[in-house]
Amino acid sequence: MENLDQQQAEALGAIAAAATPEAVEAIRVSALGKQGWVSALLKSLGGMSPDQRQSEGPKIQAVREAVTAALAARKATLESAVLEARLAAETVDLSLPAPEAPRGSVHPVSQVMDELAEIFADMGFAVASGPEIEDDWHNFTALNMPETHPARAMHDTFYFPDKDAEGRDMLLRTHTSPVQIRSMIAQGAPIRIIAPGRVYRSDSDATHTPMFHQIEGLVIDKGIHLGHLKWTLETFLKAFFERDDIVLRLRPSYFPFTEPSVEVDVGYTLINGPDGSRRRVVGGSGDAADGGWMEVLGSGMVNRKVIEFGGLDPDEWQGFAFGTGVDRLAMLKYGMDDLRAFFDGDVRWLGHYGFGALDVPTLSGGVGVRA
Ligand code: PHE
């Protein structure tokens, strides 16, 4: 008994003197741990006679409880002291100047590409890409433009001086359509992709820049027809311009890689701009009284030869494709009038037309963001 009291008193003294949570922990292990002296006392109960156990048991339990309680109390005290010290050391100086408002913004081209990806993802399209440095086989030949084809000349192509390892002419892709070929070869059918990206043509004025952005769309599946194309484009344009009164007009046209080919016009309405000028807004019947028609897309059913170049059997697989200018879509939706400003890198223009980095377009929240 003497011994027990003394052991307890010593332990409580050591606990009171412990200066850190780590020191308290060391005492806990030496007392209550597997090899600890309190644990040894508890184990010794097993070897006692029932009478002895009756008298010693409660005392040993009492020691265990006293030591446990002292350890917990000391630990709490030390930990709150540590916290107090941290709070005192890490105070915030409220007199410091506030950080500057964020300056960066998302470029309208990036914004519109994000909007397009969101809209088409909802229709089951994946995003594909291809190289900007292309060879003339992917950019022209496989798209049914053999070497002598007059459409090649119309593209104002930037060529590289050297050929590639396979002897093909190298160029900066003039459109995103080569991604059609690359997707068919890489993934076979069926396919549902969009391919946004940079394209290059030697051309420059208020509505043309040597580098601009296109988005390609390609669907390959069984039994695909022009009705699928029209529905897809109508659904896309309604979501993109956030208007239900989008009216399409499909005009027969010609592209070497689609047959039949259609150019897609959309009805626009003329409204008065803030400075009294007349501005075109997409939407409305296309009636001359309100506005008129404006071309927004090139498209058509994928030419059988293109499907063959893509390594697929055109008797088994059909599809439609479309392509349009991303920059132009941005100008139409957000009311910019000079394409060159897109690529000047003027922070004032970006400050005016840019988008907040956290305004991520979603179909539920609205794909269009009011800057
Ligand atoms: N590649 C064509 C262009 O640059 C657009 C287009 C794509 C037309 C797909 C039809 C089908 O003008």
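Is G104 buried or exposed? I looked this up first: G104 counts as exposed because its relative accessibility is 65% (exposed is over 50%, buried under 20%, partly exposed in between, with a 1.4 Å probe and protein chains only).

A note on my source: this is a predicted model, where local features need pLDDT of at least 70, side-chain atom pairs count only at pLDDT 80 or more, and totals for chains, interfaces and linings use all residues. Residues are numbered from 1 along each chain as its sequence is written, and side-chain values use heavy atoms, with hydrogens and water left out.

Next, I placed G104 in the loop between α4 (50-89) and α5 (108-122); helices (H or I, at least four residues) and strands (E, at least two) are DSSP runs numbered from the N terminus. From G104 to G351 I found 8.0 Å, C-alpha to C-alpha, across 247 residues of sequence.

Then I turned to pockets. A pocket is an open set of points on a 1 Å grid over the protein atoms alone, where a 1.4 Å probe fits, with protein on both sides within 12 Å along at least five of seven lines; lining residues have an atom within 4 Å of a point.

For the largest pocket I noted 50 lining residues, with H208, F212, E295, G325 and R328 nearest its centre. β10 gives the largest share of that lining, six residues.

The second largest pocket has 11 lining residues, and F241, R243, V281, L332 and K333 lie nearest its centre. Here β9 leads with four residues, the largest share, and α9 (226-241), β9 and α11 each supply at least two.
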